[in-house]
Amino acid sequence: MIRHHLNDELLMAYSAGTLPEAFSLVVAAHVSLCDTCRARLEGFDAVGGAVLDGIGDGIDLSAGALEATMARIAAMERDGAPAVPRPAARRNAVLPGPLRDYVGGDLEAVRWRPVGGGVRQAILPTSESASVRLLHIPAGTAVPDHSHGGLELTLVLQGAFRDEHDRFGPGDVEIATPDVHHTPVAEPGPDCICLAATDAPLRFSGWLPRLAQPFVKI
Amino acid sequence: MSEATERRAAWAAELKLVASSRDAAAFARLFSHFAPRVKAFLMKSGADAAMAEECAQDVMATVWHKAASFDPARASAATWIFTIARNRRIDMLRRERRPEPEDLTWGPEAEPDQEDALTMQQETERLSVAIASLPEKQRVLIERAYFGDLSHSEIAEATGLPLGTIKSRIRMALERLRHRMSQEGVRE
């Protein structure tokens with residue numbers, strides 16, 4: 001049962017296509033797991049459709065645009081139109097489809113790197129305006145206290161964590177703004193696996209992680 | 001059925017004809033309505049006229065090729081074409097990937113339910129009316145958010161409005177839309 005959802009601002013920006021790729025990945029992964037947010041997203045897409053449809057006349061295409069488009073269609077059919085399949089749902093996978101596309105498979109394909117304290121991470125390749133990584137936090141382990149320089153989204157994929165504010169289980173997404181200081185602790189049970197995106201580097205308060213920061217690229 | 005709802009049903013029917021029988025006349029009717037809107041949408045997003053024209057043609061070619069994946073029970077024609085235009089814009093202006101959610105479809109596509117499709121067209125009509133009747137200041141911000149490669153902070157810079165004002169206006173606009181959409185049996 002998912003209790004922590006995406007907010008309007010994120011869903012609307014994803015629908016409008018203005019989120020950085022790293023945040024879009026978290027939104028796409030959450031929507032893959034959450035029917036409530038999928039329905040809300042369809043609502044925001046419908047707003048986009050109404051905005052498009054409501055653009056008044058006044059802009060014309062060049063003469064012959066339809067013919068040029070038909071020629072383009074014919075050329076694409078000759079060459080075989082590039083098919084871009086949407087990720088398919090897969091039962092028993094820990095990672096939702098859009099995430100498997102980035103990783104190149106399910107959990108077994110993740111290339112983890114240790115970041116200290118038993119925590120491991122894998123940074124995923126996205127455009128540079130924000131970053132996103134998978135985190136593997138052993139059950140019962142605390143992630144070092146840190147504050148956020150920007151917006152941070154954390155989606156739980158397996159296990160659960162708890163901080164001073166609430167509990168986050170599979171499918172839940174935590175939205176942390178710059179003023180949030182928290183110490184998430186992975187609950188006992190299966191190790192906690194999260195997808196975390198941020199538009200600023202995390203600043204850990206402990207001296208050891210801070211020292212390690214330039215090397216491990218957090 | 002209102003005239004606008006009928007028109008929406010017609011767009012859905014044209015898309016079905018394109019999908020089922022590669023109907024060039026149906027496509028031409030879709031083209032004359034949507035291609036100028038897509039071009040205008042891309043220009044409002046910051047593309048110059050030549051690039052917008054090029055991409056609008058590209059978007060319409062994609063409409064032809066993907067017509068079979070249009071589901072009138074899940075989206076209106078305008079919404080479906082908006083998502084294609086938006087994705088093309090991300091590709092064109094930002095040159096980055098757009099991760100998409102998993103598809104819901106399991107196994108072969110069922111024939112879309114006629115009644116669901118009609119409900120979708122009526123809901124779409126109500127949404128359009130609701131957006132058009134928003135207070136001007138709220139409506140403009142909603143439109144800019146969708147045209148945008150404008151983030152909230154860039155809108156703030158362009159309009160001189162504080163970020164908090166923009167966020168609260170958009171929030172009020174969404175509340176108003178939700179309220180309008182949740183009223184049963186709205187007068188047509």
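In which order do the 6 strands of the open sheet in chain A lie, and is the pairing parallel or antiparallel? Please also describe what packs around this part.

Mentor: The model is predicted, and the description that follows should be read accordingly. The 6 strands of chain A form an open sheet in the order S1-S2-S3-S11-S5-S8, and the pairing is antiparallel. Strand S1, residues 113–116, and strand S8, residues 173–176, are the edge strands, each of which pairs on one side only. From one strand to the next the twist averages 25 degrees.

Within this sheet, strand S3 (residues 131–137) and strand S11 (residues 192–198) of chain A are joined in the antiparallel sense over 7 bridges. A:Ser131 has A:Thr198 of S11(A) opposite it. Helix H2 of chain A, residues 21–33, packs on the sheet and touches S3, strand S5 (152–158), S8 and S11 of chain A. The direction of this helix makes about 140 degrees with that of S11(A).

Chain A also contains an open sheet of 3 strands, in the order S7-S6-S10, again with antiparallel pairing. Its edge strands are S7 (167–168) and S10 (185–186) of chain A, each pairing on one side only. Strand S6 of chain A, residues 161–162, pairs with S10(A) in the antiparallel sense over 2 bridges. One of the residues involved is A:Arg162, whose bridge partner in S10(A) is A:Val185.

From the sheets we may turn to the helices. Two packed helices are described by the angle between their axes and the distance between the axes. Helix H1 (residues 8–16) and helix H3 (residues 35–54) of chain A pack at an angle of about 55 degrees, and their axes are 9 Å apart. H1(A) and H3(A) are therefore oblique to each other, and H1(A) passes H3(A) in a right-handed crossing. On the side of H1(A), the residues in this contact are A:Leu11, A:Met12, A:Tyr14, A:Ser15 and A:Ala16. They meet A:Cys37, A:Arg40, A:Leu41, A:Phe44, A:Asp45 and A:Gly48 in H3(A). By class, the contact comprises 7 nonpolar, 2 polar and 2 charged residues.

H3(A) also packs with H5(B), at an angle of about 70 degrees and with the axes 10 Å apart. These two helices are therefore roughly perpendicular to each other, and their crossing is right-handed. A:Ala46, A:Val47, A:Ala50, A:Asp53 and A:Gly54 in H3(A) meet B:Thr124, B:Leu127, B:Ser128, B:Ile131 and B:Ala132 in H5(B). This contact has 6 nonpolar, 3 polar and 1 charged residues.

The interface between the chains can now be considered as a whole. In it, 49 residues of chain B are in contact with 45 residues of chain A. On the side of chain B, helices H2 (24–44), H3 (49–66), H4 (77–94), H5 (114–132) and H6 (136–147) each supply at least two residues. The residues on that side divide into 26 nonpolar, 9 polar and 14 charged.

Finally, for chain B itself, the domain assignment gives domain 1 (1–96) and domain 2 (133–188). The C-alpha centres of these two domains of chain B lie 24 Å apart. Their contact takes 6 residues from domain 1 and 4 residues from domain 2. The side of domain 1 that touches domain 2 has 2 nonpolar, 3 polar and 1 charged residues.

Terms used: Residues are numbered from 1 along each chain as its sequence is written. Chains are lettered from A and ligands numbered from 1 in the order in which they are written. This is a predicted model: local features need pLDDT of at least 70, side-chain atom pairs count only at pLDDT 80 or more; totals for chains, interfaces and linings use all residues. Two strands pair if DSSP finds at least two bridges between them. Helices (H or I, at least four residues) and strands (E, at least two) are DSSP runs, numbered from the N terminus. Two residues are in contact if their C-beta atoms, placed from the backbone, lie within 7 Å. Ala, Val, Leu, Ile, Met, Phe, Trp, Tyr, Cys and Pro count as nonpolar, Asp, Glu, Lys and Arg as charged, and the others, Gly among them, as polar. Axes are lines fitted to C-alpha atoms, for helices over the stretch in contact, and angles run from 0 to 180 degrees between N-to-C directions. Angles under 35 degrees count as roughly parallel, over 145 as roughly antiparallel, 65 to 115 as roughly perpendicular and the rest as oblique. A crossing is left-handed if the near helix is turned anticlockwise from the far one by less than a right angle, and right-handed if clockwise. Domain bounds come from an automatic or database domain assignment.
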